[in-house]
Amino acid sequence: MDGTEGNAGQPGPAERSHRSSVSSVGAREVQLKPKHQPYKLGRQWPDLLLRFTDAPDDDVATDEPSLQFRRNVFFPKRRELQIHDEEVLRLLYEEAKGNVLAARYPCDAEDCEALGALVCRVQLGPYQPGQPTACAVREKLDSFLPAHLCKRGHGLFAALRGRGAKAGPGEQGLLNAYCQVKEAIGSDSEHGASLSPHYRAYLLKSHELPFYGCAFFHGEVDKPAQGFLHRGGRKPVVVAISLEGVHVIDSREKHVLLGLRFQELSWDHTSSSEEESVLWLEFDGDNEGTPVNRLLKIYSKQAELMSGLIEYCIELNQTSEFAAPQETVSSPPSAAGPLPPSAQRPRLRREDSVVCSRLQHLSTIDYVEEGEQIKRVKPKRTTSFFSRQLSMGQGTYTVVQPTDSLEQG
């Protein structure tokens, strides 16, 4: 779908902004390169699984790839604002909307309502006071909001909902946002008019999400030790990698556990036949008032893929830094929706926002470097990479003895 071999001339906007991706039952997603031939890869799928994965033979025999048309991970967001082809804008809009509704893009309720209002405008037309808009929204609520905001009561109260009962918080917020969606200046307000301004408004709002346009990978992280027995265990996560950085998202709670730009992290991956593949993320942190280095261990069979994508994104950003000053970005036409100019719209960071990091929900390895020796900070949990090394009689790591002031802090 994206510039196959032998394609003459420059690729169009659809080819530049979108690429084919292939995924399997095991939830592995791989973006295809322009030279790849999807049909050929489909025939070679079992051989590829045997070569690049450690999946059991039974799983390889029954696994089938799924070819999907998705946004190109390496397509800059600023380039989207230069697209005027309505069909390409629609493709970008549909993918972003699907990720929001599936909670693949974690969003705060206010953002979900603002995005859902634009979907209402696209599907139902302009808001008309006095029209049965509320009933139309209520009947298709899951088409406008993620499932967790569409929950309703059961029994008698639910039955009364259709007899004039008040709408739920998510539904009422959606209706309020819908009536505030404005039409683009000079555009026809009829339902059949161009929807490009509303597609663009949806994309502009989606661009505020730090993980928009990312590639998704699956893994697990250690839970903080809890309870008298200090039991931890693991929790499933989704690792989202984009041109801007890496986000670790809680698969069940649908909120960000850790968000880092590339300039804020170091990374590596380890893989062996005896141990699980691991992606290591290192970043600056604070442990009881002491600046420390923090290590997050992500268990994933896709660790090598994630490491390679991070490296490629960093190289791509370094290359684009030289071209950016010479590139003229035209301002987009007026967009519909309650979106003030970017200069007047500071990034909203609510303390309880789902896009803010929740380091307290992660078990990290904290350490400080002094000369050539690495000292482990007093652990808040019972297990760590450093204690395991000590128990095996390897390494020169020594535990930092905390002072009274640190214990009190």
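Student: Which residues have the most contacts inside the largest nonpolar core?
Tutor: This is a predicted model, where local features need pLDDT of at least 70, side-chain atom pairs count only at pLDDT 80 or more, and totals for chains, interfaces and linings use all residues. Residues are numbered from 1 along each chain as its sequence is written, and side-chain values use heavy atoms, with hydrogens and water left out. A nonpolar core is a set of buried Ala, Val, Leu, Ile, Met, Phe, Trp, Tyr and Cys residues joined through side-chain atoms within 4.5 Å, and buried means under 20% relative accessible area, exposed over 50%, partly exposed in between (1.4 Å probe, protein chains only). The largest such core has 43 residues, and those with the most contacts inside it are Tyr 105, Cys 107, Val 137, Leu 174, Tyr 202 and Phe 211.

Student: Which element gives the most to this core?
Tutor: Helices (H or I, at least four residues) and strands (E, at least two) are DSSP runs, numbered from the N terminus. At least two core residues come from each of α6 (86-101), α7, α10 (169-179), α11 (196-207) and β5. With 7 residues, the one that gives the most is α7.

Student: What is the bridge partner of Ala 215 in β5?
Tutor: Two strands pair if DSSP finds at least two bridges between them. Strands β4 (residues 215-222) and β5 (residues 234-241) pair in the antiparallel sense over 8 bridges. For Ala 215, the partner in β5 is Ile 241.

Student: And which residue in β10 does Glu 220 stand opposite?
Tutor: β4 also pairs with strand β10 (residues 290-299), in the antiparallel sense over 2 bridges. Opposite Glu 220 stands Tyr 299.

Student: How far does helix α7 reach from its first C-alpha to its last?
Tutor: The expected span of a helix is 1.5 Å times one less than its number of residues. For the 16 residues of α7 (residues 109-124), 22 Å is expected, and the helix comes close to that, reaching 21 Å.
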